[in-house]
Structure formats: C-alpha cells, structure tokens
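Let's take a walk through this structure together. Have a look at the sequence and the 3D view, and then read on.

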Amino acid sequence: MLYQNLHIEIDNGIAVITISREKALNALNSQTMLELRYFFGTEGPEMEGLKGVVLTGAGEKAFVAGADITEFRDLDAAQGAAFAKRGQDIFFLIERFSKPVIAAVNGFALGGGCELAMACHLRVAGERARFGQPEVNLGIIPGYGGTQRLVQYIGKSKALELLMTADMIDAAEALRLGLVNYVVPAGEEVTKAKELIEKITTKAPVAIAKVIESVNALFEDGIDGFATEIDAFGACCDTEDFREGATAFVEKRKANFLGK
Ligand code: CO8
C-alpha cells in the first residue's frame, strides 16, 4: 500500500504512525481510514518483529479534529449508517490489535479523533491536548464508537454531559476523569508512548495479546469475559514463555521471552 496520509516510521520495532493532513487538522477522510484499515488489518511486512504502535497527529495543533466533515455532509440514513459501520470496523481492528497501540495525543482530539484515541489501548496526552465529542453541534452523534467507549472510560454521567454539551476538556481534566493514562509536556507524547511500549515489550507477548483479548471481551456483545479469560489463561499455560517466566522467577533471573 502506498500511504498518502499516514506517515509511518518504524524504529527499533515501534511503528510511529503520524496522521498527516495538517491543513485539515488531520481530519479522518476516506483515504486516511482506508490506510488505517490496511495497516491494522493486513499482516503486511511492517508487522514483522513489531513491538507496538504509536498513533499521533502531524503538527502541534491537532491529533485528529474529527472525521472529515466535508465528506459526509450529504449522506442519507443508509449511507450514514454504512459510513459509521465502516469506521467502527476499522477502530475494532485497532482495539483488537494484538500488540499495544498507544495514542500520543498532541492537540485537538475531537469527534472521530477522540474516538480514535479511545480505540487505542492507552492514551498519552500532551499538555495542550483537548478532547471532545462535538457532533451534536453538527446535528449528528458520534459514529465511530464514541457513545460506547466514552462511557466505558469515564462513566455514564460525565459521558452524557460531554456528549450532550459538546464541551471540550483539557488534558488535566481528561487525566482526572480516567480518559488518558498520562499527561506530559507538549512534544513529549511520542517519547512517553514509546517508553510504555518498551516496558510492555519486556513482558511475555502472548500474555499481552491475551490481556487485550480478555479485557475487550467485557465489552463485546454475547461474549462471556470470564469464559474468555479462562480460555486465554489456558492458552498462556501452553506457551514456552510461561515455562521460561516461571523458571526465571525460581532461578531469580530476568526472563527471556520469545513470544512462543
Ligand atoms: N473536517 C474537515 N476539516 C476540518 C475539520 C474536520 N473535522 N476540523 C478542522 N478542519 C479544517 C478547517 O475547515 C480549516 O480548513 P481551512 O483552513 O481550509 O478553512 C482547518 O482545518 C483549520 O481549522 P480552523 O480554521 O477551524 O481552526 P481553529 O483553530 O479556528 O479551530 C477547531 C480548531 C476548534 C478544532 C475547529 O477546526 C473545529 O471545530 N473543527 C471541527 C471539529 C469537529 O466538529 N469534529 C467532529 C467532526 S464529526 C465526527 O468526527 C463524527 C465522527 C463519526 C462520523 C460518522 C460518519 C457518519
């Protein structure tokens, strides 16, 4: 795939994906969504030896200022639903990705941008980051999972307030509410996200994938999360890494995990 709007740099096994439509505050147009789907949905050459992914936005002003409003002004009900479904499916690919995906939120994360950050496993916000779901200003609602994931992160009461008032919150408030994991000085978002991925990479990769799968199971319709955890636990017990981890503990040395 020839990426036009995603700038992807892989350094020491960490892919930093920069959404690069700075003039439109990195708004998610169809091409950008297509590229995200390709990266997260295809076992391409980028996946070889990948430790994790950092998602960020180009420039200093925006992470992503939403879905590209110019593209969906004329949708009817059926087209709108299809648009939302396509976006949700792409964000599920991110949420279900087996390696850690961390949003490095360097500015506005609004509408689809806030939804994209919420689909990632963790969020690091720069001091200048601002979050919001302003869709009701446009006469729509979030369509990329925002009504669901915002409630999961910050609870129904505050989520309803943000969704109905379209108010933006700053990074400190996002931290207080539990929407983001860390707030760092502006410009240090990607560095902190990479540090987190490096830390996670010292753990057993299959166990990390199973943590992601099991936690996601809580929020999936018709799936019993406890049963998922049991199966995932069993699968971990079958790995060489489990033997290595337990043996290393007993031998008082650092485990050398191979991801098998
Ligand atoms: N889409 C397209 N272009 C955008 C967007 C966007 N979401 N956001 C900003 N831009 C463009 C502006 O039009 C402007 O372009 P130009 O220079 O050509 O006029 C440029 O980016 C810079 O923006 P501003 O001049 O507005 O910059 P300000 O500093 O004055 O304001 C804001 C910054 C507050 C971020 C402002 O740009 C803004 O309010 N943007 C829109 C935010 C928004 O409403 N986002 C939600 C969009 S809806 C959505 O995401 C729904 C997701 C689910 C869709 C489901 C499909 C049906």
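How much accessible surface does the protein chain have, and what share of it belongs to carbon and sulfur atoms? The surface comes to about 13,400 Å², and carbon and sulfur atoms hold 56% of it; accessible areas come from the Shrake-Rupley method with a 1.4 Å probe, and for residues only the protein chains shown count as cover.

Before we go further, a word on the source. This is a predicted model, in which local features need pLDDT of at least 70 and side-chain atom pairs count only at pLDDT 80 or more, while totals for chains, interfaces and linings use all residues. Residues are numbered from 1 along each chain as its sequence is written, and side-chain values use heavy atoms, with hydrogens and water left out.

Now for the overall build. The protein chain has ten helices and ten strands; these are DSSP runs numbered from the N terminus, with helices (H or I) of at least four residues and strands (E) of at least two. The chain is as compact as a globular protein of 260 residues, because its radius of gyration is 19 Å, close to the 18 Å of the globule rule. That radius is taken over C-alpha atoms, and the rule is 2.2 Å times the number of residues to the power 0.38. Along its principal axes, the C-alpha trace spans about 60 × 40 × 35 Å.

Of the 260 residues, 44% count as buried, a label for under 20% relative accessible area (1.4 Å probe, protein chains only). Asn 216, found in helix H8 (residues 205-218), counts as buried because its relative accessibility is 10%. Leaving aside residues up to four places away in sequence, Asn 216 touches Glu 95 and Arg 96, where contact means heavy atoms within 4.5 Å.

Let's turn to the ligand. Around the ligand are 23 residues, and Lys 61, Ala 65, Ala 67, Ile 69 and Gly 112 come nearest; a residue is near if one of its heavy atoms lies within 4 Å. Helix H2 (77-95), strand S6 (108-110) and helix H3 (112-119) each supply at least two residues of this shell.

A backbone N or O atom of Ala 65 lies 2.9 Å from a ligand nitrogen, and a polar backbone atom of Ala 67 is 2.8 Å from a ligand oxygen. The protein covers 64% of the 1,100 Å² of accessible area that the ligand has on its own.

Conventions: Polar contact = N/O pair within 3.5 Å; in protein donor to acceptor, adjacent residues only side chain to side chain. Buried < 20%, exposed > 50% of the residue type's maximum accessible area, 1.4 Å probe, protein only.
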